[in-house]
Amino acid sequence: SNQMLKMSPRLLLLLLIFAGFTETELASADGEYLIGTGSHDMTGPAAEVNLMGYANIKQNAAGIHFRLRARTFIVAESETNGSRFAFVNLDGCMASQLVTIKVLDRLNSRYRFGNLYTQENVAISGTHTHAGPGDVENAGINRSPSAYLANPPEERARYESNVDKEMTLLKFVDAATGKSVGAFSWYATHGTSMSRDNKLISGDNKGAAARFFEDWFASNSSSTAAGKPSPSAAVNIDKLVAKAGTVKATGGETCRETTSQGFRVRKDREFVGAFCQSNVGDVTPNVLGAFCVDTGKPCDFNRSSCGGNDQLCVGRGPGYPDETLSTKIIGDRQFKKAAELFTSAKDELRGKIDYRHVYLNFTNLEVQVEGKGTVRTCPAAVGPGFAAGTTDGPGAFGFQQGDTEINPFLKMVRDSIKKPSQYQEDCQKPKPVLLSTGEMFDPYPWAPAILPVQILRLGKLIILSVPGEFTTMAGRRLREAVKATLIANGGGEFDDNTHVVIAGLTNTYSQYISTFEEYQRQRYEAASTLYGPHTLSAYIQEFNKLAKQMARGERNSNASTLSPPDLSSEQLGLLIEPLGESPPDGIKFGDMKQDVAQSKDGHFKKGDRVRAIFWSANPRYDLLTEGTFAVVEMLQGGGKWVPAFDDDDFCLLFKWGVDNKTGSSLATIEWDIPNEASPGVYRLRHFGSAKETVVSAVGYFTGASNGFAVA
C-alpha cells in the first residue's frame, strides 16, 4: 500500500537529539498534519569494536562499507496541543533499552514544557543490520520452512507464501508546493546479506535501499548537480593520461576538525528515505537457499545442518559468492518497489494521530488462551537451537536447530553457570533450557524482564512497535487480532481499509517471538523465544488491550508503574581507548604507503578497482560524524578538485588495519569505478585524526594520492 501525507508550507524548527541527531523541520498552521523529517550520521567506531548481530567474537570493525544513519519522521495534529509522535529508524541491529532511556532523558531536558516527547509517543526502531501493499519479489525467503509448516494447514492456506511480500510505504508531501520531503517503508527481510565474516560497518540491504532511494530522488530533482563534478565535454584519453601524470601525491597535511565535512558529496539534502523492519523473524535475504559448503548440496530440511554439522550449512545471497553484491541486489529490489509505490502514491491519509504505550513484566504474565484457559509466560531462557544459529550465521559446533535434548556434559557446564529452576524447566517445555537468562543477574540481568508495548496511529495507518523479531505467521496473527479489535470497538471509525504494520526491533530488544506451533519444533527462532510457548499469545492479549483503549478513546486508568532499569552505570567495558600513536620516523600521517598503481594501458575503466594505502591512525580518535574518511576527487577546470564519491557511497570502501612491521595504523581506500563515473582525472583522499599520547589533544590530517585517469 502507498500512503501519502500532506503538510502546509510554513516550516518550524524542531531539535530532536539522538546521539548527535540534529534537526528536523516541521510544517505548521493550516495543514491537516504538521510533518517533519530528518536524518543524521550515526556511524560508530570503525576499528576494534565488535559488530552486533552474529555474536561472533572475531567480527571486529575494521573499516566502513557505507555509513549508518538515523532517519526520523514526526507527525502532529495542526491544532494547539494536538497529538504527535516521532518514529526513528536506525541503521542498527536493533533499538536498545538503554539508548531509548537516554534519548528520552535528553528530550525531557530539552523540552521542559509539558510532556512533549515521552516513552508513550517516541518509537526507536532498528533495521537489523548485522554489520527501517506492494509485493517485493525475491528479497526474502523463509529460513525455517519446516517450522512454518507446523502452523495449521487451514491457516497456511490463506497465504500464497511462507513470508510476507507486502511493502507499505508512507509518503510525505508539502501540500503548498507539492514537493516530496520523505518516505518511510516497512518490509520484512533480515539485514544479513553481509556475512558473519564481514568486518566493515554497513547498513546492509536496508541501508543500501535507503542510499539508493535518496540518490534516486536527488537525481530527479532540479538541485541534483549542486556540488557534483562536471563531466568532460569530450574525452581525449591521451590527454587525460598525460594530465593525470602531472598530479603527484600531496603528502600528509594537517587540517581542521570539520574539514572532512566539506568533502562530503551529499550535503544539505532535505529528502529522507527510510526502509524500516517488520516481522522479520524467519525471513532471510539469502534467497538462493542454504547449501552445504563441503558438498554443495542443499542442507537438511528440518535441522539446517550437513551430516549433523550446523556450521557447514550456509545461506547464499543472489550475488553469491560476493556478499557485497548480494547486499546491493537485495537493497536494489526493495528500493525499486519503494520507488514504484512512491511514484504511484495517491491514497491520502486523514484522521487522528494517537498512541498507546505500556510497560509489562513479561516473565510472569497471566494469559487467557482459548482452549487452554489461563497460562503464564516464563522467565527468559534460550534453548540449544539458539546456539546452533541460523543459515545466515551458523552457531557453535555440536548444536543443531530442532535440538530437544542437552547432553550431560553441556548440562554440567550450564549448571556451573546457573542451574535453571524446576519451575523454569517446566514452564519452557518443550524447550530444553540451555541458559536460564531470566534467572541470571550477575553482573546485571542477562535478559530484559520489563518490555514496552506501543501502538501509533496516523489516520487509518496503525503501527505496532514490537520489541523483538516476530516470525512471519506470528506477525500475521498479531496484525489480524489488532485490526479486528479496532473494528469491533471503534464505532465505525475503523474498517477493512485500516492498515496495520509491524515495526520490528523497536524501543528495546527481547529476541524472537514464534507461534505456539513453531515453538514445538524448537528451531532457532523458537529456541530464542525467551518467555516460553505462550509468548505470542501474551503479546496479542496486551496489544488488544491497547487497541481497545485506542478504539474507544480511553486511557489506561490503572497504568502500570513499571519501568525498565537504567543499567548505564553498571555496564562493563573491556575495550581500551587508543592510547596515542605516531607514524614511523620520517613519515607523516596522510603520507602514502602504497600509491595508486597505474594500469597497463595507462588508464582505468569502469568496473576496475583503484586502491591506495595511507599511513594513518586509529579511526576511534574521532568518528568524523557527518564527515568522511575516504574521498574520490575529480579534477575540474582551473585545477579545482571536487569530491565525486565518499565513504557513504557503495562503490568506495575505507579499510583500517595495522602494518605488520611497524605496528602503525594503515588506511586502505578501494574504489570500484561505477558506471556513473564520468571520464576524467581523479585521485583518492584520506582524512583521519590522531593523538600522540593518551593526554594529547586530537589532531586532524589529510593526504591525497597521485592522479589517475578514468576513461
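Keep in mind that the model is predicted. It holds three disulfides, and counting the bonded cysteines along the chain, they follow the pattern 1-3, 2-4, 5-6.

**The disulfides**

- Start with Cys292 and Cys306, whose sulfur atoms sit 2.1 Å apart in a disulfide. This pair links distant parts of the chain, 14 residues apart: Cys292 is in strand 17 (residues 289-292), while Cys306 is in the loop between strand 17 and strand 18 (313-316). The link is left-handed, with -100° about the S-S bond, and both Cys292 and Cys306 are buried.
- Next up, Cys299 is joined to Cys313 by a disulfide, with 2.2 Å from S to S. Cys299 lies in the loop between strand 17 and strand 18 and Cys313 lies in strand 18, so this pair ties together parts that are 14 residues apart in sequence. The torsion about the S-S bond is about 110°, so this disulfide is right-handed. Cys299 and Cys313 are both buried.
- Then there's Cys378 with Cys427, their sulfur atoms 2.0 Å apart. With a torsion of about -90° about the S-S bond, the disulfide is left-handed. Both Cys378 and Cys427 are buried.

**A strand on the inside**

- Have a look at strand 15 (residues 272-276): five of its five residues are buried, so it is largely enclosed by the rest of the structure.
- In a regular strand, side chains alternate between the two faces of the sheet. Here both faces are covered, with Val272, Ala274 and Cys276 buried on one side and Gly273 and Phe275 buried on the other.
- Strand 15 pairs with strand 13 (residues 180-186) in the parallel sense, over five bridges. Trp186 stands opposite Cys276.

**A patch on the surface**

- Phe409, Met412, Val413, Ile417 and Trp446 form a nonpolar surface patch, with about 530 Å² of accessible area together.
- Trp446 sits in the loop between helix 9 (422-428) and strand 23 (450-458), and at 43% relative accessibility it counts as partly exposed.

- Arg211, in helix 4 (residues 204-219), counts as buried at 5% relative accessibility. Leaving out residues up to four places away in sequence, Arg211 touches Arg69, Arg71, Arg266 and Asp648.
- Gly44 is in the loop between strand 4 (33-41) and strand 5 (47-50). Gly44 is partly exposed, at 22% relative accessibility. Not counting residues up to four places away in sequence, Gly44 touches Ile201 and Leu623.
- Cys651 is buried, with a relative accessible area of 11%.

Key:
Residues are numbered from 1 along each chain as its sequence is written. This is a predicted model: local features need pLDDT of at least 70, side-chain atom pairs count only at pLDDT 80 or more; totals for chains, interfaces and linings use all residues. Side-chain values use heavy atoms; hydrogens and water are left out. Helices (H or I, at least four residues) and strands (E, at least two) are DSSP runs, numbered from the N terminus. Buried means under 20% relative accessible area, exposed over 50%, partly exposed in between (1.4 Å probe, protein chains only). Contact means heavy atoms within 4.5 Å. Two strands pair if DSSP finds at least two bridges between them. Patches are made of residues with over 30% relative accessible area and no salt bridge: like charges are joined within 9 Å, nonpolar side chains (Val, Leu, Ile, Met, Phe, Trp, Tyr) within 5 Å. Accessible areas come from the Shrake-Rupley method with a 1.4 Å probe; for residues, only the protein chains shown count as cover. A salt bridge is a side-chain nitrogen of Lys or Arg within 4 Å of a carboxyl oxygen of Asp or Glu. A disulfide is a pair of cysteine sulfur atoms within 2.5 Å.
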